[in-house]
Amino acid sequence: MQEEQIFHGVVLSSAPSRDFDKRLSVLTKEQGKITVWASGAKKPGSPLMAATRNFVFGSFSVTKGRAGYNLRSVKVTEYFEEIALDLVNACYGSYLLELADAIAQENLEAEEMVNLVYLSLRAILNTKLPNELVRRVYELRMLLLNGEYTELPPFEASESCCYAWQYVLAAPLAKLYTFTLTEEVLAEFSKNVALLLREAFPYHFRSLDILKAL
């Protein structure tokens, strides 16, 4: 019998597998991104049904399988159900998960990335912070974690934009979302982050397509 292991993290994506199973991509603090198979998770009344959705944070008890891990149980710490109540918030939140799924690697500790996803989802629910600001701050910090960043904005930028850029790179995670920018400075900041992101990760994100169509 396989020994159970406990990983702490967040469900980045959940897809159906066969009639009643699910295939999860889970970002964990201990092992980075892992594939988890949740047998019977789609069956009515399954204790795994609610715990195997996107945005769920918790402790995942798993056993090693041939193609990833097999899920035994989940101790949920946060569902982030409020994200789904607003379509725009849901799109931004889904994008955060999509980007993490694209960047995260297997067999590489990702505690800071897990914490960044959590705090960024919390920031989306903060009505005082523009979603666009949360998105760009998250993107730049993700680029930093992956080593794909510049110390200053790649385009010519104002002093305020440069200050915000350096703040995002250096601030403790708990202090990351404690500022706002004027519309003009946010536009500068967004342009510069977008340039770096396109060069480092030229992926197509479905959630952004939906956001543009709203």
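## A tour of the aromatic rings

Start by selecting K64 and Y69: the charged end of K64 sits over the ring of Y69, 4.8 Å from the ring's centre. Keep in mind as you click around that this is a predicted model.

Next, pick K43 and F20. Here the ring belongs to F20, and the charged end of K43 sits over it, 5.6 Å from its centre.

To see one of them, show F57 and Y118, which pair edge-to-face with 5.2 Å between the centres and 80° between the planes. Colour the chain by secondary structure and you'll find F57 in strand 4 (residues 57–65) and Y118 in helix 2 (residues 111–124), so this pair links distant parts of the chain, 61 residues apart.

Then move over to W165 and F189. This is an edge-to-face pair as well, 5.7 Å centre to centre and with 70° between the planes. W165 lies in helix 4 (residues 159–170) and F189 in helix 5 (residues 183–200), so the pair ties together parts that are 24 residues apart in sequence.

For the last stop, select Y95, F201, Y203 and F205 together. These four residues form one aromatic cluster.

Key: Residues numbered from 1 in each chain as written. Predicted model: local features only at pLDDT ≥ 70, side-chain atom pairs only at ≥ 80, totals over all residues. Heavy atoms only, no water. Phe/Tyr/Trp six-rings, centres within 6.5 Å; stacked < 30°, edge-to-face > 60°. Helix = DSSP H or I, 4+ residues; strand = E, 2+ residues; numbered from the N terminus. Lys NZ or Arg CZ within 6 Å of the ring centre and 35° of its normal.
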